[in-house]
Amino acid sequence: MHIQLKNIHKYFGSVHANNDVSLTIEPGQILGLLGENGAGKSTLMKILSGLICKDSGEILINGEEQDLKSPADALRLGIGMLHQDPHDFPSMTIREDLQIWDQRSGRANHSAVDWQALMKIQEDLGFNLDLDGSVGELTVGERQQLELARLLWLGVELLILDEPTTGISASQQEILFSALKKLAGQGKTIIFVSHKLEEVKELCSRAVVLRKGCLIGEREAPFDENDLVKLMFGRQITRTRTAHAGTRDVCLSVQKLNIEDFRIAIENVNFDLYAGEVIGLAGMEGSGQRQFLQALAGMKQPSSGHILFGDEDLFGKNCYDYQKLGIFYVPSARMEEGLVPGMTLEEHYILSDCEKRVFIDSKKSHKVTEDRIQRFNIKGRAVTFSEELSGGNQQRLLLSLLQDPAKVLLLENPTRGLDIESTNWIWSILRERCQAATSIIFSSADLDELTFYADRILVFFSGRISEPLDSAGLDEERLGRMIGGKDWPK
Amino acid sequence: MSKNRAFINFLFRISGVIAALLFTALVLLIAKANPWEAFSNIFLGAVSTPIKIADSFVAWVPLILATCGLVITFTTGLWNIGIEGQISLGAIMTTWALRLLQDSGLPPVVIILAGFLAGIAGGIVWALLAGMLKFYGGVSEIFAGLGLNFIATALTLWLIFGPWKRAGVASMSGTEPFDMSIWLPTLTGYRLSIWSLILAVVSVLIVYFILKHTVVGLRLKAVGKNYKAAIQMGISPSKYMLLSFVLCGVFAGLTGAVQVLGVYHRLIPSISSGYGFLGLLVAMLVDYQIVWAVPMALLFAALNIGGIQLPIMMKIDSTLSGVMQSSLVLFFMLMDGVRKKILKKEEEQSNE
Amino acid sequence: MNEFLTNMAGVIAAATPVVVAVIGETFSERSGVINLSANGLIVLAAMTGFAAAYLTGIVWIGLLAGFLTGAIAGLLISFSSISLKQSQVAVGFILSLLFRDLAYFLGTPFMVIPGPTVSGWAIPLLKDIPILGPLLFDQNVLVYFSYILIIASYYWIFHTRQGLVLRGVGEQPISAYSRGIDVNRQRYIYTALGSGLIGLAGPMYSLSIKAGWNGTMTGLDGIGWIVLSITIFGGWNPLRGSFGGYLFVFLQWLGLALQSYWTNVPSQVLQVAPFPLMILTLLFVNIGDTEWVTRMLATLPRGVRGAFYKLFRFLRKPPPASLGVPFERE
């Protein structure tokens, strides 16, 4: 399939998400679409797959202009997209999930479902899904396989994959990559959206880079990594490493902790958290990191064990007791779980003020607000509503609300969706806190971030937790294998 | 630009009112009544004489009291549909206190105050029940509240026809009226009591102050807007939602007490007079802003009073006021939706 | 024994409108739209249905009028919540009050006059089956219709492609949309259809079970709320929901039957007995989901906890994941 995008524009409110993007894709090609978070990659691909509509510009498929009003239109033309959160139905069985595809897309004659064709596609690509299983019980990787098989089954000619390697295991990634290469060999066109250079290097024959909504450049394989980085960020980026501040004073001691809910069981966790130390939690999403962090914050009741803070066992206490002791949880869903939409920055500071008072002291709160906005470099004003801030500024606001001094900070994916600059800045604040003997436990999907900022790392794999590993001198490949479920002691 | 927008907003509000009036007129035509005659009868019925204006204020007091409570629960994100029952319980408790004390020889002021306190207690208990069902039982406050409303009605009926029945025969007209000495004193010649008017105004001020100038008010708001975030800020949502129920119970209880002490002077089967549900409508109409509730509640109260004329003058049912009130809120909401839709489209176009 | 059978047949007949309305609400909620106006809607449809049947003298037109009243209400709710993105709870509640007042206002000319009713018709052959015959097949056509509706709606939701689409739209509208399903159209259709069924329950009362229109004394105020809570109890499944409806009316009958034994229990108490029952049911269904129970369960031994989880999962079926949430592409 030959695709040509001409002068695509898309706005969200005042954000110019795609700015005059023009792009041509040849059949049989695997095109890498690179860019950091928020560069407009997903928006462009959603336009091409009909999920959202462009504001202006043209889309030519095999030389003919097409108006893609809905995903149904795109499917009819043979364009299918695998979304970052697979668009499937967790409450159904796989069979049902496949059957719901409906006659209205008008492609092929599927009135009687041809299961054999599907099984053949599965087999060809090395997938192994049980059709009678429930979608909700699949891993993210398997759900992607299901979507991929479904799209091919529908006869899709152009396949768009949005960050498909997030949250899948190493072996699943291998299967995926070999399947994609095979499909390209069969003449399918593939667009591979990613912000990870290594993956694009391994898979793609050509790469284009988006930055702030603009198509900034394109390169043919073989790629020069530094060159691509420069394109993506506009300059060379290095992480700023800071001195580790870990001591040997035990701040929090976790003993024989069991955490269980109907999704996952984490058994027998033992470790000591030292004052000023940073512990990173590695693992695929949904391997138990969230439950673990929430249990340590008192938000989730562990089933047994001890959480010793000084001489006190915190087992069975609720999160408000933990907060009083200076143990805070910072959720990853900033707007959903951390900030209050419809409230101003100033109101947030009044709410997080721990001093007991009845009336609002506006003089004091003005001062506090101005002070924090400056100190945390938040691009907003006292009267700005929290939902109007950008993601990076929301994260800064969230951190600026935390009490000072805090003993333990439990951060769930603190830099998710942030650009490198914001990430660096946020870690510089966090490190500053460590100097003041605050201990940090954070989860992340980014191996570099883990090895770079954590003193020790706990690896999670479907509820299992490794011994703490020293991050200095840790073999990143071994870490990757452990995240994928290999190299674990029996 | 912003002036222009304010004008557009105003136009949409007005068109909501017009749509509601047209709808009501249509309903009247279906009922083979003259809309113009009906509207003028309602209008005259509410304002033609000082007594009628005063009567509108008599209805305004319980309505604004109930709205005061509801603005608090709405701020906390709660649909306190159980307010009707909370008002009834307030009235029941007030009646109980008055029955207990009416022959005690205590000064009337003390008895009246005791009546108010008992009413508040009744409102709180019923509101807390709904709150606890929500937090400890997982029952949505909408269903818990509704169920409790029906139970409160049954309790009222049972008291009127059972233990508190009038000497002789029990009837729908309620319990034995209290002695005039323990009525809320009214202005001579009117049914309006200056004391209940003061109570209403003070209540509005208190609610305004709590929501605008206290930390507790801000916390209630935070819980309503995002209870998960509130947890991270050390605010316990269940505690503050229960508090919100209690505060609403106070105002609901006062409403019930005013109905007994200042309006009916006895317990009647429909003692809440539907002011709870009407308060919900008022609160929705003014987007939960207590300041705007003051005039809107007065409008609704006037519609109620004016509606009384309809069966007398035109032989049509007085529920027409209800039709007008709820269609007004409905069309306001619909117009608001249209307005937002148009604004969004405009914004999109201005980008191109 | 014979008397008991007659009573049970009466329970089945009396439960019919409840069952039909529960199925209607189930359709609407399965697609993601709550029709909170059910209470006022049933009252209004009872009035319009009676009026239409009275004016034309034809019962069927009355039933049709009830259905249409509901369907129009459903379109109004869809329009405000899907197209205008207003809160379903708010609009539903306002409509609930509006419909009720409209019914009482417009119904005045039809007060306390005799009108047509649906007559009984025993199904030949089937009525002679021992026990089941007099219980199930010596009823009127509306009751037979409800049997078909129960089975058909169950089959439709769980065993047809269209049912899959319906469930998909209520669970993950974005997934449905990206597969080419017009989410909002589906929601419009099912809300109108479901609300039509809720409306149909109205004339089922005014033309059959509580024949006639008596204004505020008709005694239908409250039934809609019961219907809404039975829908939750039924876990959005027509079979379980119908069972809830029958059980509810049976318990109501039991209360009345026991009244003659407990003469000292005042009649007002038994009349409102459905409502504490409603609260208790929702309590049983939902208590496993509350924070304190979750925390308490977490520390129990594994076996005991597992048993509780199973019990709660049996009692509480999760609602459609996007119930009450308007669908937007982004």
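**Domains and contacts**

In chain B, 9 residues of domain 1 are in contact with 11 residues of domain 2. Two residues count as in contact if their C-beta atoms, placed from the backbone, lie within 7 Å. The side of domain 1 of chain B that touches domain 2 of chain B has 6 nonpolar residues, 3 polar and no charged. For these classes, Ala, Val, Leu, Ile, Met, Phe, Trp, Tyr, Cys and Pro are nonpolar, Asp, Glu, Lys and Arg are charged, and the others, Gly among them, are polar.

Before I go on, the ground rules. This is a predicted model, where local features need pLDDT of at least 70 and side-chain atom pairs count only at pLDDT 80 or more, while totals for chains, interfaces and linings use all residues. Residues are numbered from 1 along each chain as its sequence is written, and chains are lettered from A and ligands numbered from 1 in the order in which they are written.

The model scores ipTM 0.93 and pTM 0.92. Chain C averages a pLDDT of 90, and 98% of its residues score at least 70; pLDDT is the predictor's confidence in each residue, from 0 to 100.

Back to chain B. Where do its domains run? Domain 1 covers 1–33 + 319–352, and domain 2 covers 56–315. Such bounds come from an automatic or database domain assignment. The C-alpha centres of the two domains of chain B lie 30 Å apart.

Chain A is assigned domain 1 (3–233) and domain 2 (250–483). Their C-alpha centres lie 33 Å apart, and the contact takes 9 residues from domain 1 of chain A and 9 from domain 2 of chain A. On the domain 1 side there are 3 nonpolar, 5 polar and 1 charged residues.

**A sheet in chain A**

Helices (H or I, at least four residues) and strands (E, at least two) are DSSP runs, numbered from the N terminus. In chain A, 4 strands form an open sheet in the order 12-11-14-15, with antiparallel pairing. Two strands pair if DSSP finds at least two bridges between them. Which strands stand at the edges? Strand 12 (265–274) and strand 15 (312–313) of chain A do, each with a single partner strand, so one side of each has no neighbour in the sheet.

Strand 11 (residues 250–260) and strand 14 (residues 304–309) of chain A pair over 5 bridges. One detail: A:Q255 has A:H306, in strand 14, as its bridge partner. Helix 9 (residues 289–296) of chain A lies across strands 11, 12 and 14, at about 125° to strand 11. Axes are lines fitted to C-alpha atoms, for helices over the stretch in contact, and angles run from 0 to 180 degrees between N-to-C directions.

**Two helices in chain C**

Helix 1 (residues 2–30) and helix 9 (residues 183–209) of chain C pack at about 170°, with axes 7 Å apart. They are therefore roughly antiparallel to each other; the cut-offs are under 35 degrees for roughly parallel, over 145 for roughly antiparallel, 65 to 115 for roughly perpendicular, and oblique for the rest. Their contact has 16 nonpolar, 7 polar and 2 charged residues.

**Between chains**

The contact of chains B and C takes 38 residues from chain B and 37 from chain C. Helix 14 of chain B gives the largest share of the chain B side, 12 residues. That side divides into 27 nonpolar, 9 polar and 2 charged residues.
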